[in-house]
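Colleague: I would like to learn how to read a ligand site and a pocket. Can we go through one together?

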Amino acid sequence: MTRQRDAQRFRTVGDGSGLAASDSFYPEEIQLALRNRGMPLEALRYSLTPTGMHFLLIHFDIPEVDAGKWQLKIGGLVANPVNLTLEDIKQRPSQTLAVTMECAGNGRALMNPRPLSQPWLLEAVGTAEWTGTPLRGILEEAGIAPNAVEILFTGLDQGVQGNEVQYYQRSLSIDEATRDEMLLAYEMNGEALQPQHGYPLRLIVPGWYGMTSVKWLDRIEAIAKPFDGYQMSATYRFSQTKNDPGEPVTLIRVRALMSPPGIPDFMTRTRLVEPGPVSITGRAWAGRQQVAGVEVSTDGGSTWDQASLDVRGDEPVDGPVSPFAWRPWSFQWDARPGRYILLVRATDSQGNVQPVSQPWNFQGMGNNIAQRVEVLVE
Ligand SMILES: Nc1nc2c(c(=O)[nH]1)N[C@H]1C(S)=C(S)[C@@H](COP(=O)(O)O)O[C@H]1N2
Ligand SMILES: [Mo]
């Protein structure tokens, strides 16, 4: 009975089976898209994305936090539970790391049928320099009990998803949580976190899709069983149907994006390019792997040419600013009058290459299809 009443608490959007990619967008998808901005692709010109151009993904509301009263609680199965103020955390050893973050749902609205959620095209990515204290030191001082198997991170933001009232929570295995690069970050690009990015403190999990980098941290607990909360067991899964548990979504897959060349048509974003030599530039990333190569096609994917890495136009530029940050690439194109579909795809250090047509999954996760850009040369 309760279950049935619960099921009627909210309107449903769609029948849960997804839509054709060409179907109109629901107002609810647009509502989410307006709250959760993407990075304009021309911002690929910056090795560090200006904070105001970094993508955003916020499931519920941005919580109100009084940093003077806020404390991070470290507890659960630890020898020395402790509460830390923001000042305590800033007194600890600090580390700054550039990290390319991508939302696991990036590319969702390109899938056919289109899974219903935040309707990202390709813009759910950004690279910021995060400053904070290594998580490992805090966990070591807390003393994780031998029977703990995971570390659970809880945000201050609360909402309803899948009819479940919840705080935003995700867990990591102890092996993952104690890796060198895991940060508790209080600064983004040299300034205090902005409210929408997790003020006053967030987790940064380099190499993983963004959902793991829990914002607005309230507490960190060592736990005895794998956490099976909503954001672990119901969503962020590679599943084929609504009830298929599938596999968990974890590390970022290899991807390259280009700054669309030339100038855009306002409505369609089709590019207008002048004939002659054109340098096509962009960035590529591969989560915990490295980018091994980038290829460009100017004929809709029939033939591919190698792009140059760590070059922009003719100018050598800095390579990746950290092992977890994207890498610049560049390709010289002799553009002749006509209509073109440009594509770009990257390969990672394990030989994984981006697909030209995307395998589908129910939640629209981990899409890394090769980008296509329509260009008119005249
Ligand atoms: N507490 C909390 N943390 C969160 C989220 C959230 O909704 N609540 N969204 C996650 C998701 S899905 C992503 S992709 C990243 C986005 O981080 P950004 O908005 O700073 O780019 O934050 C993650 N951390
Ligand atoms: Mo995300």
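Modeller: Start with polar contacts. This is a predicted model. A polar side-chain atom of His54 lies 3.3 Å from an oxygen atom of ligand 1. That pair counts as a polar contact because its N or O atoms are within 3.5 Å.

Colleague: Which residues have a polar atom by a nitrogen atom of ligand 1?

Modeller: Asp157 has a polar side-chain atom 2.7 Å from a nitrogen atom of the ligand. Ser213 uses its backbone instead: a polar atom there is 3.0 Å from a nitrogen atom of ligand 1.

Colleague: How much of the accessible area of ligand 1 does the protein cover?

Modeller: Ligand 1 has 530 Å² of accessible area on its own, and the protein covers 100% of that.

Colleague: Where does ligand 1 sit?

Modeller: Look for the largest cavity; ligand 1 sits there.

Colleague: Which residues come nearest to ligand 1?

Modeller: There are 19 residues around the ligand, and Phe55, Asp157, His197, Arg202 and Lys215 come nearest. Sort the shell by class: 11 nonpolar, 5 polar and 3 charged residues.

Colleague: Now the second largest pocket. How much space lies in it?

Modeller: About 1400 Å³. Its lining has 39 residues, and nearest its centre are Leu41, Leu121, Leu122, Glu123 and Arg269. By class, that lining splits into 20 nonpolar, 9 polar and 10 charged residues.

Colleague: Which helix and strands each supply at least two residues of the lining?

Modeller: Find helix H2 (27-35), strand S16 (276-285) and strand S24 (371-377); each supplies at least two residues to the lining of the second largest pocket.

Notes:
Residues numbered from 1 in each chain as written. Chains lettered and ligands numbered in written order. Predicted model: local features only at pLDDT ≥ 70, side-chain atom pairs only at ≥ 80, totals over all residues. Heavy atoms only, no water. Near = heavy atom within 4 Å. Polar contact = N/O pair within 3.5 Å; in protein donor to acceptor, adjacent residues only side chain to side chain. Areas by Shrake-Rupley, 256 points an atom, 1.4 Å probe, with all protein chains shown as cover. 1 Å grid on protein atoms, 1.4 Å probe; cavity = no way out; pocket = protein on both sides within 12 Å on 5 of 7 lines; lining within 4 Å. Sits in = over half its atoms within 2 Å of the grid points. Nonpolar A, V, L, I, M, F, W, Y, C, P; charged D, E, K, R; others polar. Points joined across faces, edges and corners; volume = space filled by probe spheres on them. Helix = DSSP H or I, 4+ residues; strand = E, 2+ residues; numbered from the N terminus.
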